[in-house]
Amino acid sequence: VLRTMEPLEKQAIRLVVFRTVIAFTFFLSAGGIQAFAGSEFDLWPFFYFTAFVLGLNVAYSVLYLALKQWRRRPIFIYIQITGDILAVTLLAFFTGGINSIYTFLYHILIVVGGYLLKRRGAFLVAMVDSLVYGLFCVALLYGWASPEPSSARFPYDPPTASSTFYALLAHYVGFFLVAGLMSVMSERMEATHQAL
């Protein structure tokens, strides 16, 4: 079936499959740790993350079936990556806010965008990352959203203005450095592919 599809359509389907594998990996890892450690570790954020990601995949599947004209266009991949950015933000929210160790996943999504959609994809994903992460940091700073410390075992310290500024600066620089590197790599890969 994949052989008869356009390249972008194949990539969109592979992205859905890859996301499902990652979601079940998170689910099984968290479930295994929870089973062995008992109530000592409260890993419910990972279960919510898995449910959210699987819900996104259902939504993408419905879009794929309902909007046939989008299947072969980059917009379908951009929609998926934007949903992934929201999923990473949700995971970061429940696992420490701006100090979460999972904020590196924003950079992974830039790599995915650059790999699938070349230079434009890398920089567009970096811009969406920057927008969402900026809103996330501002929401935590001003208390518009705050994880309840009693409901999770992940340490959460409300951010200060200086810590928010440094987090934004470090992530924005990182986002666009990764986008720049991916754009160079994608151009070289394209040149190598054409030469071959």
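Here are some numbered notes on this predicted model, starting with the overall layout and then moving to single residues.

1. **Overall layout.** Start with the big picture: the protein has five helices and zero strands. Walk along the sequence and you get the pattern α-α-α-α-α. So that you can find them on screen, helix α1 covers residues 7-37, α2 covers 44-66 and α3 covers 74-94. Helix α4 then takes in residues 104-141, and helix α5 takes in residues 161-195.

2. The mean pLDDT of the protein is 82, and 88% of the residues reach 70 or more.

3. Of the 196 residues in the protein, 42% are buried. The protein exposes about 11,300 Å², and carbon and sulfur atoms supply 70% of that area. As for contacts, take those with a separation of 6 or more: 71% of them are between residues 24 or more positions apart.

4. In soluble globular proteins, nonpolar side chains tend to be buried together. Here, the largest nonpolar core holds 50 residues, and the members that touch the most other members are I77, I81, I110 and Y133. Each of α1, α2, α3, α4 and α5 supplies at least two residues of this core. Which helix gives the largest share? That is α4, with 15 residues.

5. **I77 and its neighbours.** Leaving out residues up to four places away in sequence, I77 touches L8, Q11, A12, L15, L116 and L117. L8 also turns up in another pair: I75 and L8 are 67 residues apart in sequence, yet their C-alpha atoms are 9.8 Å apart in space. I75 belongs to helix α3, and it is partly exposed, with a relative accessible area of 38%.

6. R19 lies in helix α1 and D84 in helix α3, so the pair ties together parts that are 65 residues apart in sequence.

7. **H171.** Here is a histidine to click on. H171 sits in helix α5 and counts as buried because its relative accessible area is 12%, and the cut-off for buried is under 20%. Setting aside neighbours within four places in sequence, H171 is in contact with T103, H107 and Y133. You've met Y133 already, as one of the core residues that touch the most other members.

8. **L63.** Now over to helix α2, where you'll find L63. L63 is partly exposed, with a relative accessible area of 27%. Not counting residues up to four places away in sequence, L63 touches F76 and I79. L63 and F76 are 13 residues apart along the chain, and 8.6 Å separates their C-alpha atoms.

9. **A nonpolar patch on the surface.** Nonpolar residues also show up on the outside. F165, Y166, L169, V173 and L177 form a nonpolar patch on the surface, and together they have about 530 Å² of accessible area. Take L169 as one of them: it is found in helix α5, and at 44% relative accessibility it counts as partly exposed.

10. Last one: check K118. This residue has a positive phi of about 60 degrees although it is not a glycine. K118 is placed in helix α4, and with 35% relative accessibility it is partly exposed.

Methods
Residues are numbered from 1 along each chain as its sequence is written. This is a predicted model: local features need pLDDT of at least 70, side-chain atom pairs count only at pLDDT 80 or more; totals for chains, interfaces and linings use all residues. Side-chain values use heavy atoms; hydrogens and water are left out. Patches are made of residues with over 30% relative accessible area and no salt bridge: like charges are joined within 9 Å, nonpolar side chains (Val, Leu, Ile, Met, Phe, Trp, Tyr) within 5 Å. Accessible areas come from the Shrake-Rupley method with a 1.4 Å probe; for residues, only the protein chains shown count as cover. A salt bridge is a side-chain nitrogen of Lys or Arg within 4 Å of a carboxyl oxygen of Asp or Glu. Helices (H or I, at least four residues) and strands (E, at least two) are DSSP runs, numbered from the N terminus. Buried means under 20% relative accessible area, exposed over 50%, partly exposed in between (1.4 Å probe, protein chains only). pLDDT is the predictor's confidence in each residue, from 0 to 100. Contact means heavy atoms within 4.5 Å. A nonpolar core is a set of buried Ala, Val, Leu, Ile, Met, Phe, Trp, Tyr and Cys residues joined through side-chain atoms within 4.5 Å.
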